[in-house]
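Hello,

Here is the structure I promised to pass on to you. Have a look at it first, and then read on for what turned up.

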Amino acid sequence: MKNNNRREFIRKSFIGISGAALVPGVISGPVTTSVPITSIPELPVRILGKTGIRTPLISMGTAGAYDPGFVRAAYESGIKLFFSATYYGEGNNEKMVGEGLKGLARDSFVIGTAVPSDGMDNRTGKFTVPFNANTYIKKADESLKRFGLNYVDIFLFPYAARKETVTNEEVLKAMEQLKKQGKTRFVGIASHSDMEEALKAASDSGVYDTAMISYNYKIVNKDSLNEAVLYAKKTGMGVIAMKTTAGASRNKTGTAFNSDAALKWVLQNENLATIVSGMTSLEQMQKNLAILKNLRISDQEMKDLELASIDGESSLYCQQCKKCIPQCPHNLDIPTIMRSYMYAYGYKNTTHAWYTLTDAKLPEKPCENCGICKVKCPAKFNIKNRIADIARLNNVPRDFLVA
Ligand code: SF4
Ligand code: SF4
């Protein structure tokens, strides 16, 4: 995309924010522990669709958190929603989050986790083996045990992309049973590719309550995505934004990236209930929460976003458009590999990058039989170089990683 177009893209994307969206709210429910409710700051809230949950505009994605004390500090700072996944650290992340929230009144926080299904091919978004509701529910049970909870608030079905998968009869049956059995209050999808299709399918199903999607200033199909978000909202879905800094808390060369501007940009869209921010330090958390005092974007912040939106080698955000897959004769799962690359260089989260790369099932010597890579990526990534770079992670033994 040419710079002028990109600039226009960013400007056009602004949606006026009204004061109504910033009404301060409190975390409901009695707190019975050492954390008195009066100590919890009041952060601006929005309503998470038909769940009725009043959520602060910033929530916590826990992939980059390794200390229960950090999760507790987030809670004490006013964050209410916490999202983990069964595949973060092979379940250790769920245990850590459970530990961090232990002893708090159960209705004073909201916990969600993503439970992936077996046999999902991320390249196609389809199942390679039939989905089994009982197996899926067992995985959800294991997740509850790790958290040390009788129920979570939201079970998410991740890697949702294609309608046929999102509305697969067995998937819907599993979701309904999880609710019926009291193992979760709500269910949702998480999607970072074919998001419009996934959002519409989830909305029309009448089963899902929420959706978590990638949403940031770099998204190229913003108009159609905004339409899908609006559609979802009208059907009562609570829509949550992830990947809101477009993969970078800093860029690959280490230059500071204006993440405040990126988060503010997302929150201009009032159809999004909250941002799930993968915070890794107290400093970052405080910085993120500080933006809630004033969501207006300054001219300088606009300029910073314009600069950061230029595609090329310094960019880390893969649109997950999948245009690369049919171009690769070896059918590599390039979008997943590029996400691993983003986690490694943008989020500096080697553990998450390692697990994501495992998911991509990268061969030992990828690209070795190719000369010049013919893959043309619209984000202008040098795919072959990036794969060679990130493939080194495959040689890192798992026990070297933070659990
Ligand atoms: S690597 Fe490029 S072509 Fe492939 S999914 Fe990402 S942005 Fe699209
Ligand atoms: S160099 Fe790698 S990414 Fe490019 S076409 Fe060959 S196998 Fe695919």
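Around ligand 2, the shell is made up of 10 nonpolar residues, 1 polar and 2 charged. There are 13 residues around this ligand, and the nearest are Cys328, His330, Cys367, Cys370 and Cys373. Please keep in mind that this is a predicted model.

Ligand 1 has 14 residues around it, with Cys318, Cys321, Cys324, Pro335 and Cys377 the closest. Its shell splits into 10 nonpolar, 2 polar and 2 charged residues.

The largest nonpolar core counts 117 residues, and Ile189, Ala202, Ala211 and Ile337 have the most contacts inside it. Helix α12 (residues 334–345) gives the most to this core, namely 8 residues. Where does the core sit? It lies between domain 1 (3–307) and domain 2 (325–400), because both give residues to it.

In α10 (residues 282–290), Met285, Asn288 and Leu289 are the buried residues. Viewed down the axis of α10, they fall within an arc of 95°, so they line one face of the helix. In general, an α-helix has 3.6 residues a turn, so residues three or four places apart point the same way. Glu283, Gln286 and Ala290 are exposed on the other side of α10. What do the buried residues of α10 pack against? Their partners are β3 (58–61), α2 (68–76), α9 (259–267) and β12 (274–277).

Note on methods:
Residues numbered from 1 in each chain as written. Chains lettered and ligands numbered in written order. Predicted model: local features only at pLDDT ≥ 70, side-chain atom pairs only at ≥ 80, totals over all residues. Near = placed C-beta within 6 Å. Nonpolar A, V, L, I, M, F, W, Y, C, P; charged D, E, K, R; others polar. Buried ≥ 20, exposed ≤ 12 C-beta atoms within 10 Å, placed from the backbone. Helix = DSSP H or I, 4+ residues; strand = E, 2+ residues; numbered from the N terminus. Arc of directions from axis to C-beta. Contact = placed C-beta atoms within 7 Å. Core = buried A, V, L, I, M, F, W, Y, C linked by C-beta atoms within 7 Å. Domains from an automatic or database assignment.
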